[in-house]
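These are my notebook entries on one protein structure. I set down what I looked up, entry by entry.

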Amino acid sequence: MSTATEHRRAPRPDRDLLPEDTLLGRFIWVNPARMSGEPCFRGTRVPVQILFDHLRMGDPLDEFLDGFPDVSRESAVAVIDLAAMGMLEALRRL
């Protein structure tokens, strides 16, 4: 018979998977131990996906920024530009 401790998952590594000195890492952080590893705007707990959800619903960028004041306009625009260049696809493999 197994014990409850045998069923526990190993802790996720608490480390940033995108070095801050990379193009993506300047604007996004991914840490398996935080926010379930969801890519977030660097320095915040705001998932990048929320920006795209707002834009998909037709919300203007300013409305997103008003709702998430910790995200800078520079970061939001950079993430949109990175997505347009296809550079966010690599995040799915982290």
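How many aromatic pairs does a search of the whole structure find? I worked on a predicted model, and the search of the whole structure gave two aromatic pairs.

**Entry on the rings.** I looked up the pair formed by Phe 41 and Phe 64, which is tilted, at 6.1 Å centre to centre and with 40° between the planes. I noted that Phe 41 lies in strand E2 (residues 40-41) and Phe 64 in helix H2, so the pair ties together parts that are 23 residues apart in sequence. I then checked the cover of each ring residue. Phe 41 is buried, because its relative accessible area is 1% and buried means under 20%. Phe 64 also counts as buried, at 0% relative accessibility. I recorded too that ring pairs link Phe 41, Phe 64 and Phe 68 into a cluster.

I located Asp 59 in the loop between helix H1 (48-56) and helix H2 (61-67). Which side chain of opposite charge is nearest to Asp 59? I found that it is Arg 56, 11 Å away. Asp 59 is buried yet has no salt bridge. I did find a polar contact of 2.9 Å that joins the side chains of Asp 59 and His 54.

**Entry on the surface.** I looked up a nonpolar patch on the surface, formed by Leu 23, Met 85 and Met 87. Together these residues have about 280 Å² of accessible area. Leu 23 is found in the segment before strand E1 (28-29). With a relative accessible area of 42%, I listed Leu 23 as partly exposed.

Terms used: Residues are numbered from 1 along each chain as its sequence is written. This is a predicted model: local features need pLDDT of at least 70, side-chain atom pairs count only at pLDDT 80 or more; totals for chains, interfaces and linings use all residues. Side-chain values use heavy atoms; hydrogens and water are left out. Patches are made of residues with over 30% relative accessible area and no salt bridge: like charges are joined within 9 Å, nonpolar side chains (Val, Leu, Ile, Met, Phe, Trp, Tyr) within 5 Å. Accessible areas come from the Shrake-Rupley method with a 1.4 Å probe; for residues, only the protein chains shown count as cover. A salt bridge is a side-chain nitrogen of Lys or Arg within 4 Å of a carboxyl oxygen of Asp or Glu. Helices (H or I, at least four residues) and strands (E, at least two) are DSSP runs, numbered from the N terminus. Buried means under 20% relative accessible area, exposed over 50%, partly exposed in between (1.4 Å probe, protein chains only). Lys and Arg count as positive and Asp and Glu as negative; His and the chain ends are not counted. A polar contact is a pair of N or O atoms within 3.5 Å; within protein, one must be able to donate a hydrogen and the other to accept it, and residues adjacent in sequence count only if both atoms are side-chain atoms. Rings of Phe, Tyr and Trp (its six-membered ring) pair if their centres lie within 6.5 Å; planes under 30 degrees apart count as stacked, over 60 as edge-to-face and the rest as tilted.
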